[in-house]
Amino acid sequence: MTQPSPTVASQATRPARGPELRLDGSPAPIIQILGLEKTYQTARGALTLFRGLNLEIETGAMVAIVGQSGAGKSTLLHILGALDAPSSGKVICASTDVAALTPKQAAAFRNREIGYVWQFHYLLPEFTALENVAMPLLARGQMKREALAIAANWLRQVGLEDRGGHRPGELSGGEQQRVALARALVNNPKILLADEPTGDLDETSAGRVFDLVERLHASHGLTSILVTHNMELAARCTRALRLESGRLSPLAAI
Ligand code: ADP
């Protein structure tokens with residue numbers, strides 16, 4: 001019996017999602033942080049990063065976060081992506097109270113709702129670009145044939161359709177990061193969290209990766225938060241914030 005072809009188009013071109021509404025009909029923020037506190041217990045004593053941090057991000061925003069090394073930018077992304085827990089406070093991300101998730105629920109939440117891109121691509125070196133992109137689909141139980149077809153579509157969207165058979169070591173830094181971006185988005189998450197996604201790239205490759213992030217952000221109705229040191233790229237976001245001394249403030253006001 002012939003198997004039906006995988007429905008790639010519907011997975012790959014999901015239209016922009018409408019925001020959830022508040023009781024008064026106005027759009028509810030997709031991310032809401034209220035009174036966030038985060039303290040690490042270290043060998044040299046308590047290290048408090050956030051003391052009552054508040055933040056609301058509306059659906060569809062592309063937000064840059066800048067700040068000195070050690071300010072807590074990565075920690076903030078980790079908390080939003082349920083990779084780290086707040087010490088206290090409320091963190092709602094994609095309609096989910098992330099602090100209330102069990103480890104298993106957190107893994108499912110990340111797989112479903114969050115696309116994560118780091119400064120280093122963390123692609124698996126022994127697998128091809130196509131297999132790396134398909135990995136999150138296989139992890140959630142998708143049939144291999146379907147997963148590879150969807151992954152191929154994503155490689156096309158990042159302009160690497162002819163490099164699917166290449167291993168990460170055979171790709172340039174910019175190409176590796178584009179594969180990582182395809183892998184982050186292959187599950188059609190609502191939210192893209194990117195931690196210095198262009199930090200390890202030369203200017204041209206960084207610009208190309210950022211162009212791609214901008215395009216995919218718009219075409220897939222994403223809400224994106226990008227940590228960056230690059231002020232030019234930050235200025236291209238719909239909103240730019242500086243994290244300093246545990247506080248977020250609009251970049252223009254600094
Ligand atoms: P940024 O991304 O702004 O450079 P980070 O969020 O990575 O900052 O780290 C902020 C501070 O928290 C740093 O001083 C770092 O050493 C510390 N830190 C991060 N994670 C942990 C941890 N798991 N345990 C203890 N300290 C940590």
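Colleague: In which sense do strand β4 and β5 pair, and over how many bridges?
Modeller: This is a predicted model. In it, β4 covers residues 88–93. Its pairing with β5 is antiparallel, and the number of bridges is two.

Colleague: Which residue in β5 is the bridge partner of Ile92?
Modeller: β5 spans residues 96–97. The bridge partner of Ile92 in that strand is Asp97.

Colleague: Which strands are the edge strands of the open sheet of four strands?
Modeller: The sheet has antiparallel pairing and the order β2-β1-β4-β5. An edge strand pairs on one side only, and the strands that do so are β2 and β5.

Colleague: Why is β8 described as largely enclosed by the rest of the structure?
Modeller: In a regular strand, side chains alternate between the two faces of the sheet. On one side of β8, Thr223, Ile225 and Val227 are buried, and on the other Ser224 and Leu226 are buried. Strand β8, residues 223–227, is largely enclosed because the buried residues number five of the five.

Colleague: Which residue stands opposite Val227 of β8 in the pairing with strand β3?
Modeller: Strand β3, residues 62–66, pairs with β8 in the parallel sense over four bridges. The residue opposite Val227 is Ile65.

Colleague: Which residue of β8 is the bridge partner of Asp195?
Modeller: Strand β7, residues 191–195, pairs with β8 in the parallel sense, over five bridges. For Asp195, the bridge partner in β8 is Val227.

Colleague: Which element gives the largest share of the shell around the ligand?
Modeller: The residues around the ligand include Tyr40, Leu47, Gly72, Lys73, Ser74 and Thr75. At least two residues come from each of β1 (31–42), β2 (45–57) and α2 (73–80). The largest share is three residues, and the element that supplies it is α2.

Colleague: How many residues of the shell around the ligand are charged?
Modeller: Four residues of the shell are nonpolar and seven are polar. The number that are charged is one.

Colleague: What share of the contacts in the protein with a separation of 6 or more comes from residues 24 or more positions apart?
Modeller: The protein has eight helices and 10 strands. Of its 254 residues, 40% are buried. Among contacts with a separation of 6 or more, the share from residues 24 or more positions apart is 70%.

Key:
Residues numbered from 1 in each chain as written. Predicted model: local features only at pLDDT ≥ 70, side-chain atom pairs only at ≥ 80, totals over all residues. Buried ≥ 20, exposed ≤ 12 C-beta atoms within 10 Å, placed from the backbone. Pairing = 2+ DSSP bridges. Near = placed C-beta within 6 Å. Nonpolar A, V, L, I, M, F, W, Y, C, P; charged D, E, K, R; others polar. Contact = placed C-beta atoms within 7 Å.
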